[in-house]
Every structure is written in C-alpha cells, then in structure tokens.
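Work through the exercises below with the sequence and the model open side by side. Each task is followed by a solution in steps.

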Amino acid sequence: MKLLEDKILAEGRALNSSTLKVDSFINHQVDPVLMDAIGREFACHFKNAGVTKVLTIESSGIAPAVYTAMHLNVPMIILKKQTSKILNGNVAQTNITSFTKGTSYELTLSLDYVNPSDTVLIIDDFLANGEAATGAVRLAKAAGAKIAGIGILIEKSFQKGRQKLLDQGYDVYSLARIARLDEGIIEFVK
Ligand code: G4P
Ligand code: NA
Ligand code: NA
C-alpha cells in the first residue's frame, strides 16, 4: 500500500536492524485518515471471506481494526492482555511469548463475543515472529470460529512470522513489507 509505505519513509525511524519506530502515526500518536484508508484496504481485500468479526490485540491493533470493522460493517473485538476482574469465567486464554521484548503474557478472549458461527479477521500493527498472530488464531479456534485471514500493517519480512502463518494455510495480507532495516535505512520487499 503506497500510502502506508510513503508514511513509513516520511516519518518512520529505523533504530537498528530489527526495530522500526512509528510512534507518530501508529504506536503513540494515531493518524485517523491513514487508519481509515487502511481499514478500507483490508475490507476490500477480505470482502468475500465472510468476515463476521474483526479481532485485534491491544493496544496498537485497535485503531486499524476498528476502521476495518467499520468498512466491513461488523463488530471489532479486542483480545485483552490483562484479565479484567469483571470478565466472567466464560473465556479462552493463551500464553504469548514475545522474542523481541523477551516477555510473555496471557491473552484473553471472552467467549460471549466469538462463537462457532463466526469467521474472524485478525488485524495487528506489526508482524515479526508471528507469536501474537498465532495466539490470536488459537483463541479464535478455541471459540470454534473460522479464520478469514490475517491483516498486518507492517510486516518485517526478514523475520519468520509470515512463513509461520502461511504454513498453517492462512491468507496473510500485509500492507507494507520490509525487507531490510538498519540505522536510517528502510527497504521494502520489491
Ligand atoms: P510477534 O508477535 O510477531 O512474534 O512479534 P513481537 O513479539 O516481536 O512483538 C512484540 C511487540 O512489539 C508487539 O507490540 C509488536 O507490535 C511490537 N513490535 C515488533 N516489532 C516492532 C517494530 O519493529 N517496531 C515497533 N514499533 N513495534 C514492534 P505489543 O507489545 O503487543 O504492544 P502494542 O504496541 O500493541 O501495545
Ligand atoms: Na501490536
Ligand atoms: Na506494537
């Protein structure tokens, strides 16, 4: 998606060979006009996939996911990193390990909002090793739902997440695919 690639080149900052900072339009400040265009693009790509719910992981997936859901005219559901005290016992949970951050956390989905009649589209900001996306797939499956696919804003194509998800048979649609990062260098997949 040229709009997103141009924004990344204009405002993204490659800190080193693995990390791209996009705080000015995705992770801290959010560009709603860009998010609307992103949502429209995901909705267009997945329009024939029978999507009934859009799923995302808090927090940075929420903005693009809500615009995607709006353009598909379906609800959006946030997978929670912190178990709310007011969630009842009717939940699915799974553990996610982040190799980038060297941490792990529990991800929770209330089964009140996803059931076997659903087909879910998973949206997230970054795809690195694919651990978060794979965890979201596990939760959707635990709820009995079908997976329409996975929509990603920025895929770090030099890491193994995309292949991991393709190997499981999922449609992975990434709007910007980064082949290489280094201090001050951002190269997209040709
Ligand atoms: P994985 O799920 O694909 O294996 O990825 P990883 O463990 O690397 O992701 C951990 C967190 O780091 C995620 O955010 C992810 O969006 C973010 N992340 C990964 N690579 C980059 C990068 O190059 N730049 C930026 N800005 N973020 C990156 P999170 O901890 O879930 O937090 P949130 O931002 O959604 O709140
Ligand atoms: Na994220
Ligand atoms: Na993030």
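**Exercise 1. Which residues does UniProt place under the feature "binding site" together with Lys156, and how are Asn27 and Lys156 set in the model?**

Solution. 
- Step 1. The unreviewed UniProt entry puts this "binding site" feature at Leu20, Asn27 and Lys156. The model examined here is a predicted one.
- Step 2. Asn27 belongs to helix H2, residues 23-27, and Lys156 to strand S8, residues 146-156.
- Step 3. A residue is buried with 20 or more other C-beta atoms within 10 Å, and exposed with 12 or fewer. Asn27 has 15 such neighbours, so Asn27 is partly exposed. Lys156 has 24, so Lys156 is buried.
- Step 4. Setting aside residues within four places in sequence, Asn27 contacts Val22 and Ser60.

**Exercise 2. Describe the shell around ligand 1: which residues are closest, and which element gives the most to the shell?**

Solution. 
- Step 1. Ligand 1 is surrounded by 23 residues, and the closest are Ser98, Thr100, Ala128, Asn129 and Ala132.
- Step 2. At least two shell residues come from each of strand S2 (20-21), S7 and H5. S7 gives the most, with three residues.
- Step 3. Sorted by class, the shell holds eight nonpolar, 10 polar and five charged residues.

**Exercise 3. Which members of the largest nonpolar core touch the most other members, and where does Leu175 lie?**

Solution. 
- Step 1. The largest nonpolar core has 53 residues; Val54, Val120, Ile122, Ala136 and Ala140 touch the most other members.
- Step 2. Val120 contacts Lys53, Leu55, Val114, Ala140, Ala145, Ile147 and Ala148, once residues up to four places away in sequence are left out.
- Step 3. In soluble globular proteins, nonpolar side chains tend to be buried together.
- Step 4. Leu175 lies in strand S9, residues 172-182. Because 21 other C-beta atoms lie within 10 Å, Leu175 is buried.
- Step 5. Apart from neighbours within four places in sequence, Leu175 contacts Met1, Leu4, Ile38, Glu41 and Leu153.

**Exercise 4. Examine the backbone at Ser59 and Asn73. What kind of peptide bond joins Glu58 and Ser59, and where is Asn73 placed?**

Solution. 
- Step 1. Most residues other than glycine have a negative phi, and most peptide bonds are trans.
- Step 2. The bond between Glu58 and Ser59 is cis, with omega about 5°. Ser59 is in the loop between strand S3 (53-57) and helix H4 (62-72).
- Step 3. Asn73 is not a glycine, yet its phi is positive, about 60°. Asn73 is placed in the loop between H4 and strand S4 (76-79).
- Step 4. Asn73 has 8 other C-beta atoms within 10 Å and is therefore exposed.
- Step 5. Asn73 and Leu175 are 102 residues apart along the chain, and their C-alpha atoms are separated by 21 Å.

**Exercise 5. How many helices and strands does the protein have, and what share of its residues is buried?**

Solution. 
- Step 1. The protein has six helices and 10 strands. Its radius of gyration is 16 Å, close to the 16 Å that the globule rule gives for 190 residues, so the protein is as compact as a globular protein of that length.
- Step 2. The C-alpha trace spans about 45 × 35 × 35 Å along its principal axes.
- Step 3. Of the 190 residues, 38% are buried.
- Step 4. Among contacts with a separation of 6 or more, 62% are between residues 24 or more positions apart.

Notes:
Residues numbered from 1 in each chain as written. Chains lettered and ligands numbered in written order. Predicted model: local features only at pLDDT ≥ 70, side-chain atom pairs only at ≥ 80, totals over all residues. Helix = DSSP H or I, 4+ residues; strand = E, 2+ residues; numbered from the N terminus. Contact = placed C-beta atoms within 7 Å. UniProt positions renumbered as here; feature names shortened; annotations may be inferred. Core = buried A, V, L, I, M, F, W, Y, C linked by C-beta atoms within 7 Å. Near = placed C-beta within 6 Å. Nonpolar A, V, L, I, M, F, W, Y, C, P; charged D, E, K, R; others polar. Rg over C-alpha atoms; globule rule 2.2 N^0.38 Å.
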